[in-house]
Amino acid sequence: MSKSKRSTDPAQKVYVINHPLLQDRLTRLRNKNTSTAEFRFTLEEAGLLLAAEATRHLPTRSVRIQTPLASHKGVCLAHPTVLVPVLRAGLSLLPAFQRLLPSAAIGYIGLARNETTLAPEAYYQKLPKITLNTQVFLLDPMLATGGSSQAALDLLRKHGAHCITLVCLVAAPEGLKKIIESHPDISIYTAAIDQKLNPRGFITPGLGDAGDRLFGT
Ligand code: PRP
C-alpha cells in the first residue's frame with residue numbers, strides 16, 4: 001500500500017503521495033534529458049499511480065453477489081464519476097483514470113495561460129451531466145499560480161459539481177494556497193509540492209512546461 005499524507009493544516013484535504021514508484025516516475029519527468037516519447041509514457045504511468053490514490057475516498061455501497069461457492073456481501077462504487085482533463089496537459093492523466101473508472105463520463109475544459117499576464121484564457125468547454133453526488137476528478141499535472149485550476153473549478157461549480165478532487169503531479173505553494181482559499185472543500189492530490197514559482201510563473205524545480213514536453217511544441 002502506498003503512503004499518502006496530509007500536508008500543512010490537517011483540516012485541509014491536501015494529499016502528497018509518497019509512493020516510491022510515483023516518485024521514481026516524477027524524477028524521470030523532471031529530467032530535462034527525458035525525450036518526448038518517454039515523457040508521455042512516463043506521465044501516463046504516473047497517472048495510474050495518482051489515480052489509484054486519488055480514488056481512495058470514493059464512497060461505496062454494499063452489493064450482494066454470488067461467488068462460485070457462496071453468497072457474498074461486497075461493495076461497488078456508490079455514485080457516478082466524471083473525469084475532466086484541463087487541455088492540453090491534463091489529457092496525459094486521462095487514460096489512467098479511464099482505465100480505473102471505465103464508466104466515468106468525460107468532460108473537457110480548454111484553458112491556456114497567457115504567457116505575459118499568466119491569467120488563464122478559456123477556449124473550450126464541454127461537460128457531461130453532473131449532479132449532487134457525482135464524483136468529479138479535475139486532471140491537470142501542473143498547479144502553478146493556480147489560475148487555471150481555479151478557473152476550471154469555478155466552471156465545475158457553476159455546472160453543479162459538489163464533490164471535486166483536483167489531481168496534479170506537481171504543485172507550487174502559491175497555487176495550492178490559492179485553491180485552498182478559493183475552494184476549501186475540495187480534495188487535492190499531488191506527487192510533490194515544489195519550492196516556489198520563478199518570476200515567469202514556472203514551478204521550480206518543476207519539470208518545465210508539461211504541455212510543450214508532451215506534445216513536442
Ligand atoms: C499549463 C498547465 C496548467 C497551467 C498551470 O497549461 O498544464 O494548465 O499551465 O498554470 P497556472 O496554475 O499558473 O494556471 P498551459 O496554459 O501552458 O496550456 P497547455 O496545457 O496547453 O500547455
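β3 and β4 make a hairpin, with 4 residues between them. Strands here are DSSP runs of E, at least two residues, and helices are runs of H or I, at least four, both numbered from the N terminus. β3 covers residues 60–66 and β4 covers residues 71–77, and the two pair in the antiparallel sense over 7 bridges. Pairing takes at least two DSSP bridges between two strands.

Before going on, what we are looking at is a predicted model, where local features need pLDDT of at least 70, side-chain atom pairs count only at pLDDT 80 or more, and totals for chains, interfaces and linings use all residues. Residues are numbered from 1 along each chain as its sequence is written, and side-chain values use heavy atoms, with hydrogens and water left out.

Next, the sheet. There is an open sheet of 3 strands, paired in parallel, in the order β10-β12-β14. β10 and β14, the latter at 192–193, are the edge strands, each pairing on one side only. Strand β12, residues 170–171, joins β14 over 2 parallel bridges. Ala-171 has Ile-193 in β14 as its bridge partner.

Now the ligand. Which residues come nearest to the ligand? Of the 16 around it, they are Arg-88, Arg-113, Asp-140, Thr-145 and Ser-148; to count as near, a residue needs a heavy atom within 4 Å.

For polar contacts I take pairs of N or O atoms within 3.5 Å; within protein, one must be able to donate a hydrogen and the other to accept it, and residues adjacent in sequence count only if both atoms are side-chain atoms. An N or O atom in the Asp-140 side chain is 2.5 Å from a ligand oxygen. Thr-145 also has a polar side-chain atom 2.5 Å from an oxygen of the ligand. At Gly-146 a polar backbone atom takes part, 2.8 Å from a ligand oxygen.

How much of the ligand does the protein bury? Alone, the ligand exposes 500 Å², and the protein buries 92% of that, by the Shrake-Rupley method with a 1.4 Å probe.

Which elements give two or more residues to the shell around the ligand? They are β7 (108–113), β10 (142–143) and α4 (147–158). β7 gives the most, 3 residues.

Last, the shell's composition: 7 nonpolar residues, 5 polar and 4 charged. Nonpolar means Ala, Val, Leu, Ile, Met, Phe, Trp, Tyr, Cys and Pro; charged means Asp, Glu, Lys and Arg; the others, Gly among them, are polar.
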